[in-house]
Amino acid sequence: MFRRRPPLPPFPAGGLLVGGAARDWLRGVTPHDYDWAVPDPAAAARTLAGKVGGSAFALDEERGYWRVHAPGGVQHDFVPLPDDLTDDLRRRDFTVNALALTPERRVVDPSGGQADLRSRRLRMVSEANLRDDPLRAWRAVRFEITLGFRLEGDTEAAVRRVAADLAAAAGTLPLPAAERIRDELEVLLGHPDAAPGILRLEDLGLLALTLPELREGIGMVQGGFHHLDVFQHGVEALHQLLTRFPDADPALRWATLLHDVGKPRTRGTNPRSGRTTFYGHDRVGAELARAMLTRLRLPSATVDRAGALVRAHMAQLPSNEREARRFVHRRRPLLPDLLRLMLADREASRGPDSHPAIRHAYARAFERVLAALEEQPQAPRPLLTGEDVMGLLGLSPGPAVGQALRAVAEAQALGEVRTPEEARAFLLSRRT
């Protein structure tokens, strides 16, 4: 069933390979992260680092946890060898992770994890273990998607109970730290099947604890170009993005999933046509996306870029080459990701107003933008400085200087001015 088992690095003296690394090796997958239980973590870490040319450092000196960053992005963690290995393994989350491997390749398997591996079954070691660390509920979804396994019935029921207790007003279980939930979601969103993973979070009651704003679109019919409700459309757009652009970075993935998150809060009705409207949903959605991703403690650069992409996703595509150059000039920092988001948005829409002619016009607009971007891959060097503008127009430092510089930059991008002299003439003509 599984591929041939890959080679393993030399075992540390007296050490065991435990957890996910043992699981992956049994599946025939080369681990990227190794967890070792050893008599002396500090010595084992320093020895390995010396052999492979990596760096060793203490994660938690009090508990004796050490880590080695090895070449190629491989990571080795070292923890003290437990007094009772079987008891230690039985405190883990799922049976497929409750495994250890000896240097002789003998498997220690107190919970039947090997049988579950063969059956591609994700089974809890115990419900008490899930409740001891509720983050394991999110991890269950991550493992389903990334390993291609399926929760067995009792485990799925236990995950649902954990989610319900986390959501209960009485707070019978503590919500995991945002950073820990973020790490699970980042791994999930980085997988090609991230879209089904989002649906699974919703199915199990975990999405309400994670991205409740996204759920506001459930059941909200859009019509027009859309055949799905607001929530399902966002998930389908993520699927379309990853199908076409599997290398999409986290900011683009988040922006695509959240691009219409502002629609439920901007829903209205056109008094003349009676049609549903979502005026300003791009602006509101950008604010919500920033708040949601900030709450999850994502890096500020990811938050800023995702928010900017959501804000720009309704940009009008150009109908001619001149408009395409202006589109590139005004949105250059977001390209080509903005086009990828807009394409995913479009391909996720199959409503009654969609037809081949519109899709063709959309494709032509994309081609114009890409051609303009290829023609001018970087912003041209400015023709004038702020001092030039102030001297020419008799201005003091202030917003008017910036406005003039932006006008010159756009005219330069459109090919209307090419030299400092033409730029000066352009500004003087605008004053009259």
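Contact here means heavy atoms within 4.5 Å. The model is predicted: local features need pLDDT of at least 70 and side-chain atom pairs count only at pLDDT 80 or more, while totals for chains, interfaces and linings use all residues. Residues are numbered from 1 along each chain as its sequence is written, and side-chain values use heavy atoms, with hydrogens and water left out.

Asp 282 belongs to helix H13, residues 281–295; helices are DSSP runs of H or I with at least four residues, numbered from the N terminus. With a relative accessible area of 16%, Asp 282 is buried, because buried means under 20% relative accessible area (1.4 Å probe, protein chains only). Beyond its neighbours within four places in sequence, Asp 282 is in contact with Val 310, Arg 311, His 313 and Met 314.

A nonpolar core is a set of buried Ala, Val, Leu, Ile, Met, Phe, Trp, Tyr and Cys residues joined through side-chain atoms within 4.5 Å. Two such cores are set out below.

| Core | Size | Residues named |
|---|---|---|
| Largest | 101 residues | Most contacts inside it: Ile 198, Leu 206, Trp 254 and Leu 257 |
| Second, separate | 13 residues | Including Val 389, Ala 404, Ala 411 and Leu 427 |

Leu 206 touches Ala 137, Trp 138, Val 141, Val 159, Ala 163 and Leu 201, residues up to four places away in sequence not being counted. In soluble globular proteins, nonpolar side chains tend to be buried together.

Definitions and conventions. Helices (H or I, at least four residues) and strands (E, at least two) are DSSP runs, numbered from the N terminus. Buried means under 20% relative accessible area, exposed over 50%, partly exposed in between (1.4 Å probe, protein chains only).
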